[in-house]
Amino acid sequence: MTIYKFSIQQKTRDPRNEGYLQSARALGFCQLKRVECIDLRFIEGQLTQAELRRLALELLSDPLTQSVAWDELPAPPSPPQADTVILEVSLRPGVTDSVAAEIVRAARQIGIDGVRRAATGQRYILRFDESVKKSVDESVYKLFANSTIQRWALESIEPTFPEEAASSGAIETIPIRALSDDELLALSKERRAALDLAEMQAIRAYCKKEGRDLSDVEFETIAQTWSEHCVHKTFKALITVEDKNTQQTTTVDSIIKTYLKSATDQIAAPWVRSAFVDNAGIIDFDDEFEISFKAETHNHPSAVEPFGGANTGVGGVIRDVLGVSAKPIANTDVLCFGKQDIPLSELPAGVIHPQRILSGVVAGVQDYGNKIGVPTVNGAILFDEGYAANPLVFCGCVGIAPKGLHHKNPQAGDRVIILGGRTGRDGLRGATFSSMTMDAQTGEAAGASVQIGDPIIEKGLIDVIVRARDLRLYNDITDCGAGGLSSAVGEMSAPLGCDVELKNVRLKYAGLAPWEIWLSEAQERMVLAVAPQNVRALQEICDAYNVELTDIGAFAADRRLVVRYDGVPVADLDNDFLHEGIPQQKLRAVINQKKTQPASNLPIPNLPISDYLLRLLAHPNIASKASVVRLYDHEIQGGSVVKPLSGVCADAPSDAAVIKPIGTKGMKGIVLANGVNPEYGKRDAYRMALAVADEAVRNAVAVGADPERIAILDNFCWGDPKRPETLGALLEAARGCRDAALLFQAPFISGKDSLNNEYLASDGQRRAIPPTLLISALGVIEDVSRAVTMDLKESENEIYLVGKFDPVFGGSHFNLVADEEICEPVPQVADVNPRVYQSLHRAIHSGLIRSAHDLSEGGLAVAAAEMCIGGRLGMHLSAPLSARDLFGETTGCLLVEISPKNSVRFAEVFADLPVKKLGRVIADETLNFSETSIPLADLIAAFNTPLVPNS
Amino acid sequence: MKPQALILLAYGSNRDYDVAEALTLAGAEPRVISHNELRENKKRLADYQMLVLPGGFSYADALGAGKLFALDLNSYFNEELRAFVEAGKPVVGVCNGFQALVKADILPAVESANQATLTFNERGRFECRWVTLKPVSQTCLWTRGLENLIECPIAHGEGNFQINDAALAARLQSQNQIALTYVRADGSPADGEYPVNPNGSTLDIAGICNPQGNVLGLMPHPENHIRFYQHPQWTRGVKRGSGLPLFENGVKYASQL
């Protein structure tokens, strides 16, 4: 067999070249002068010259815009040039390469049968200053290849093709009964099981009771099932809490039960259909439909392979929504990155530069969301040095389904059906990987844990599942996520039992050991319980949409998990032990966050007020995210009523998204919003939780959501909970969540936690992320034609401040742009806030509000500036406003615009509530307050400061 | 009877619901039919009065947007499709559907192949933003008689329409094959200026038709502007530029067949 190498190059300027050069420059590689990017396609086979030419011109290139050349490997060496380095990059074996698969398929389709296998890669021609050629800093190559998924070589790379190794039924027996405590811990570490001694002892006791040791399949199954990721043991732990402020010691038996679920139970909202029990939370939409919502994180995978990590994060949460039989209709993404201007030399070893993490993560979100056809309508991007080694990628998805069609009721005898993608080594042990601290070796060791998604396969799953649901062809459904089949089949069969055959599982390539098949986290798979008589009908739907269906066994009634390979049992576990046998963790927490006092006298700002406002608008947390938002398709499915960007030039940040789903009757819509604030989290986790829940609810109400119909999700991203202070802050945040839910009567319907977001640097120092809690809100608006956007509408309209205004500087963004930090507590949430939101909602619903915008990072001045940018109008604030009023941060407040003719009715709606007239909208394009006047053009320029320097 | 529209779902099409909604509002009866159903003769193209190739990412854009979708059209449906076109029935390819029509040489339908293509946006990235379109061609049954500008979103990375010589440009103009162009809000030409022309297309071309005028391909998504509340400035009282008349034109034509 011969390997042919095709090189494809744009005839005109390839915009990728400039992009690479800019990234290199931004990271300080200034000796790089030019980059040329050439795509490589490797084809193995026996082909005639005529066939090679057809492949090149008909399949592999666009003759109008691209030139193509081909050679046999080994390619003749290119003549050496003193100033040039040639770098070739190709995927590592086992990494999904869907383009290569399409080449093989399409070649046969055009009648070229001699193509056996294919692979893809890139060639980069890097031109340097001649003088530095001999001493090229090899780290520049990291721009072009991520060693986790790619290999690189100078000059010419040998491609790797999927290997057709012999099938393997190899089973290892683990002699657990004979192991000492130390040996148990060593085993846990060696197999990257992330189990502690008590858990390992419980496994040993089970083995002794059963009178036998475990197979590797069984041990790995238990490790996945008992992982932090799958079972949330920290959130279910028995915690002894020592409060340094009150000197009291108490115990908390399960954070979930005590703080999150208890709030939902207490609120007992009749419109909540499912909370905490299913793949996603579900609430009523109207008489006909229900809507579901789930948010997850994909932090560790995104740290080692940003594109694949974010890509599969989006894919995973979409599957969660499919797991409640809903059609995915909107995505949200909240992303936290390290500061973009950190010098490469200051990063710990093994950490990818935050600029590359940002571009990779955004590209991953874009690729999956756009290709699967779900609009990305809401999100946030935050920067903090604490996220440099541990970026956070929160992915949320909303789904819609007709009522009464989703149920979880598998029957003994139902077939265990896998739908979707094939199984490979991708993503092995992802559930335990995500439960560990990362270090410099993590990227390398985790190679197998990284998955690249295939959104087109998952699009097929959507098409099949909504149709199968409508025909009631299945009795239960769940997604295959962390832990792979072991977790999906294991959980679904927990009340029953099952007997499955691993040899039936379709593989991407042969050679996988049974435990690898069972644990693989290959993407785009769903597991269904299907009555035998319905399998044929399901198969027909699958055939129409190119989705593979695999029958791997049956549910049983004996409450045992039986897994076979070629008929021979390789696992036979008692479900009671597997699902209930994990010992409750006992943890210690210390509550010790220092409470600061309000500053009595404020340091006098030494710059003009306008400078601070412009600095705030240019701060990457506040500055325009349009460059990212426009990469996401936010229009597909035709439901976007309030879009991510608002205003005359569609460049101002909306408070929340409003969606009118296709196929629903009337004018009802869905509202999506979020609240997140690590600056508060660093200082006071309890108040942070209240503040971000308040912000999520307030954002939703600002566009028109009914405050009495808002459900929320919690997503905690924290450091190592084994450190008592870290766990203490987590408890405080959870307590804040409960109090917020009760205050706003907004039940939690789902939640997730991602712990151990820490990086152990080679200097032995641990770097933890700032305590980060994302609250996502899912609301309902009765009539989308009443929705309000944040852009100013008309001059001479009046501007009011509504809500209890209590600005402080603790955790404020003013502190981030000022020369000196003003130490104060972070904002509190006032009891009056829910009443303010109810009145605001009434005012919106009565058509009194022309625009509304919440006060958040940067305070009142930033909110006013953003409204001006949105409307391309000015604002004159005549009420006296101090620096504290302008830049201090508060919860519970919004700026609203009303027509003067409605001022009396507006006053009636807000009678007895804190409200204050601040000024009016003016045609003159300036923002005026306290003897300061700032041209709108300056606000726009500052707000459009690029997120990535030098780009 | 309402005209039946076949929306052909390729492997990776994803704006099928959107265009089905537009066609329903325009008075047609749309049916989303998967490629496999058509290939296995479970459905027949000839039974329909309209054909829609919807937006999406067929085959994940592997080997170039629309390329493998086009290969399918030519390998599996060549005769039926050409007969449908020759019968003068309305065909529209939106976004990925347009890319497939061009790469299958169904558009612009000039004598020799490979004279036109849709390539990477000039800025090298996918973009989602609203654009303004001017219906130009009076030969095209879809744009004929449309007096108002259309405002709707684009969402693509490979929508840059390019041709290989100036003679073809002249021909597209003289044969009224330029169906839609990117224009400013006042209707004046974009003259290539970003973002009015969002992708660098030659002659600001957003959509073209075949010389007969029954096959339209366009990059933007008029199917995503069929209700007032989809317009990005509806909260400012702006009500203009609906994409619905374009579909109504096609449906009206089909119902007279």
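A:Pro74 is located in the loop between strand S3 (66-72) and strand S4 (84-91) of chain A; helices (H or I, at least four residues) and strands (E, at least two) are DSSP runs, numbered from the N terminus. The model is a predicted one, in which local features need pLDDT of at least 70 and side-chain atom pairs count only at pLDDT 80 or more, whereas totals for chains, interfaces and linings use all residues. Residues are numbered from 1 along each chain as its sequence is written, and chains are lettered from A and ligands numbered from 1 in the order in which they are written.

The peptide bond between A:Leu73 and A:Pro74 is cis, with omega about -5°. In chain B, a cis peptide bond joins B:Leu107 and B:Pro108, and its omega is about -5°. B:Pro108 lies in the loop between helix H5 (96-103) and strand S5 (116-119) of chain B.

Positive phi values were computed for residues other than glycine. For A:Ala650, phi is near 50°, and the residue is found in the loop between strand S27 (645-646) and strand S28 (652-653) of chain A. A:Ala650 is partly exposed, with 19 other C-beta atoms within 10 Å; a residue is buried if 20 or more other C-beta atoms lie within 10 Å of its own, exposed if 12 or fewer, and partly exposed in between, with C-beta atoms placed from the backbone. B:Asp191, which is not a glycine, has a positive phi of about 50°. This residue belongs to the loop between strand S9 (178-183) and strand S10 (205-209) of chain B, and B:Asp191 counts as exposed, with 12 C-beta neighbours inside 10 Å.

In chain A, three strands form an open sheet with the order S10-S9-S25 and mixed pairing, two strands being paired if DSSP finds at least two bridges between them. Strand S10 (248-253) and strand S25 (586-591) of chain A are at the edges with a single partner strand each, so one side of each is left without a neighbour in the sheet. From one strand to the next, the twist averages 20°. Strand S9 (residues 238-243) of chain A runs antiparallel to S10(A) and is joined to it by six bridges; A:Glu242 has A:Thr249 as its bridge partner in S10(A). Helix H23 (residues 724-744) of chain A lies across S9, S10 and S25 of chain A, at about 80° to S25(A). Axes are lines fitted to C-alpha atoms, for helices over the stretch in contact, and angles run from 0 to 180 degrees between N-to-C directions.

Helix H4 (residues 181-190) and helix H5 (residues 197-210) of chain A have axes that come within 9 Å and cross at roughly 105°. H4(A) and H5(A) are therefore roughly perpendicular to each other (angles under 35 degrees count as roughly parallel, over 145 as roughly antiparallel, 65 to 115 as roughly perpendicular and the rest as oblique). H4(A) contributes A:Asp181, A:Leu184, A:Leu185 and A:Ser188 to the contact, and H5(A) contributes A:Leu197, A:Met200, A:Gln201 and A:Arg204; two residues are in contact if their C-beta atoms, placed from the backbone, lie within 7 Å.

The contact between the chains takes 48 residues from chain A and 44 residues from chain B. On the side of chain A that touches chain B, H3(A) gives the most, with five residues.
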